[in-house]
Amino acid sequence: MIPISHISSNRIEINNPLEAIETYYQKGWTDGLPVVPPTEEKVEAFLQTVNLESDFALGAIPERNRVFTVEKVAINAIMAGCLPEYFPVVIAAVQAITDPAFGLHGPTASTAGTAFFVVVNGPIANKIGMNSGQNLLGPGNRANATIGRALRLVMMNIGGSGEFDRSTLGNPGKYSFCIAEDETTEWMPLHVQRGFRQEDSVVTVFAAEAPNQVHNHSALDAERLLLTIADRMRALGSMNLGGHQEYGLIICKEHYNTLQQQGFDKARVQQFLFEQARRPVADLKRFGMIEGEITSKDEEKEALVVPSPEHILLVVGGGEAGRFSACIPGWYASHACQSVSKKIDVSPGGS
Amino acid sequence: MKPSKEGIMMSYLFLDPTDGPKDSGEVLAPRLTELDGKVLGVIDNSKQNADFILQYVTEKLQSKYTFKNIIYKKKSSLSQALSDEEVEALAKECDVILAGVGD
């Protein structure tokens, strides 16, 4: 007797997987790249890695009446190229973006075209072979590439991106923008800074602009190095100059070495950048970001990039060689959209 | 893979990755046939210039109709919905709601 499947999605009969790839293109179910055709057997393998029923609702976008079930998320993760052992990370990431604090509708509808910047911390990152090193934001690592891609496919196929995503330009991170933090350093990993235990596996998602490299190959003084980064952070045209949003920052290993050797830990870096990444309100008026005549007070009054040191999401990563860090501005304001961290629940049957 | 009647594998079954909007079970309020004497609710999404646009539209409406009252509600965040309590209060007090996106 054939068991009754608990997978409720519609089946599409297709002659072979290559034809399926084309069919999925024609139906508008891809991000422009080929997808792995999802089968019931693969979904079952993914479900084995989490302690959740296939119809369990992980979260929703209430404004769009869209609900993310485990089954549909699994199908999209398969299409993205994920392996089953990545699935607990994808699940936690979907829980993060559907947390009310993330305000998912706003950043995914906005003309600003933000991406999901995903940071994975804890033991699972190594276990599933994530990259925290060389070419961190580039291609080549299956877990990094496909976990980030899964979120995008989830938004496109379940979240209603076709109707609601009004990005003017979008950004390349909308294909995938997922990293693991390098936790081999002396600095406190992001998830520990955010209250989790070192041994927890945690995913953090931040609605972000594209990463912007900042280099200083000459400064051997930590403060001058940080002033270079602060200068990039306070660039006009960034939504962060409203002073109400978080700011992502990837410190590369050489920059980390310089900072660490001169007594900077993460908290001190955050404090320094909080104090330096600001500019006179007069500048915002000078360039028409704020209307009105410039007054003498405007030269003294400061526009902040972040409202507190803790609003700087600071991670270490990238190759051993090179002095390139990355600035990652956020979207709008944290009362509308906050980064969210979720513990990754790894079931006994999973990773 | 789906077997043919002869037992030869002829095709595969793949899964649909999409899911549409869920039926919330909500129904539209009865449509009004006139606005005179009604209570107008105005929801400002808090984006820049939303107040100007909504004020302009409200004034246009007021030039044609006489409202019993106008209740103005500004969202605390453009990205977050009004709270259930706020929605219930508006539903209770207003006959018609004007909402729009400013930018």
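Predicted model: local features only at pLDDT ≥ 70, side-chain atom pairs only at ≥ 80, totals over all residues.
Ser8 of chain A counts as exposed, because its relative accessibility comes to 63%, over the 50% cut-off. Ser8(A) sits in the segment before strand S1 (11–14) of chain A.

Helix H3 of chain A covers residues 70–80. Eleven of its eleven residues are buried, so H3(A) is largely enclosed by the rest of the structure. The buried residues include the charged side chains of Glu71(A) and Lys72(A), and Asn76(A) is also one of them. After H3(A) comes Gly81(A), with a positive phi near 105°.

What does H3(A) pack against? One partner is helix H2 of chain A, residues 40–47, whose axis comes within 9 Å of the H3(A) axis. In general, a packed pair of helices is described by the angle between the axes and the distance between them. The crossing angle for H2(A) and H3(A) is roughly 110°, which means that H2(A) is roughly perpendicular to H3(A). The crossing is right-handed. From H2(A), the contact uses Lys42(A), Val43(A), Phe46(A) and Leu47(A); from H3(A), it uses Val70(A), Ala74(A), Ile75(A), Ala77(A) and Ile78(A). Sorted by class, that contact has eight nonpolar residues, one charged residue and no polar ones.

Helix H10 (residues 222–233) and helix H12 (residues 266–276) have axes that come within 9 Å and cross at roughly 50°. That angle makes H10(A) oblique to H12(A). This crossing, too, is right-handed. H10(A) contributes Glu223(A), Leu226(A), Leu227(A), Ile229(A), Ala230(A) and Met233(A), and they meet Val269(A), Phe272(A), Leu273(A) and Gln276(A) in H12(A). The contact of H10(A) with H12(A) has eight nonpolar residues, with one polar and one charged.

As a general point, nonpolar side chains in soluble globular proteins tend to be buried together. Which residues touch the most other members of the largest nonpolar core? They are Phe87(A) and Val120(A), in a core of 63 residues. Helix H4 of chain A, residues 87–97, supplies the largest share of this core, nine residues. Apart from this core lies another, of 29 residues, and its members include Ile229(A), Phe272(A), Val281(A) and Val306(A).

Leaving out residues up to four places away in sequence, Val120(A) touches Val89(A), Ala125(A), Met130(A), Cys178(A), Ile179(A), Ala180(A), Glu181(A), Val202(A), Val203(A) and Ile344(A).

Last, chain B. How many helices and strands does chain B have? There are two helices and five strands. Read from the N terminus, the order of elements is β-β-β-α-β-α-β. Chain B has 103 residues, and 29% of them count as buried. Among contacts in chain B with a separation of 6 or more, 70% are between residues 24 or more positions apart.

Conventions. Residues numbered from 1 in each chain as written. Chains lettered and ligands numbered in written order. Heavy atoms only, no water. Axes fitted to C-alpha atoms, helices over the stretch in contact; angles between N-to-C directions. Helix = DSSP H or I, 4+ residues; strand = E, 2+ residues; numbered from the N terminus. Parallel < 35°, antiparallel > 145°, perpendicular 65-115°, else oblique. Left-handed = near helix turned anticlockwise from the far one by under 90°. Contact = heavy atoms within 4.5 Å. Core = buried A, V, L, I, M, F, W, Y, C linked by side-chain atoms within 4.5 Å. Buried < 20%, exposed > 50% of the residue type's maximum accessible area, 1.4 Å probe, protein only.
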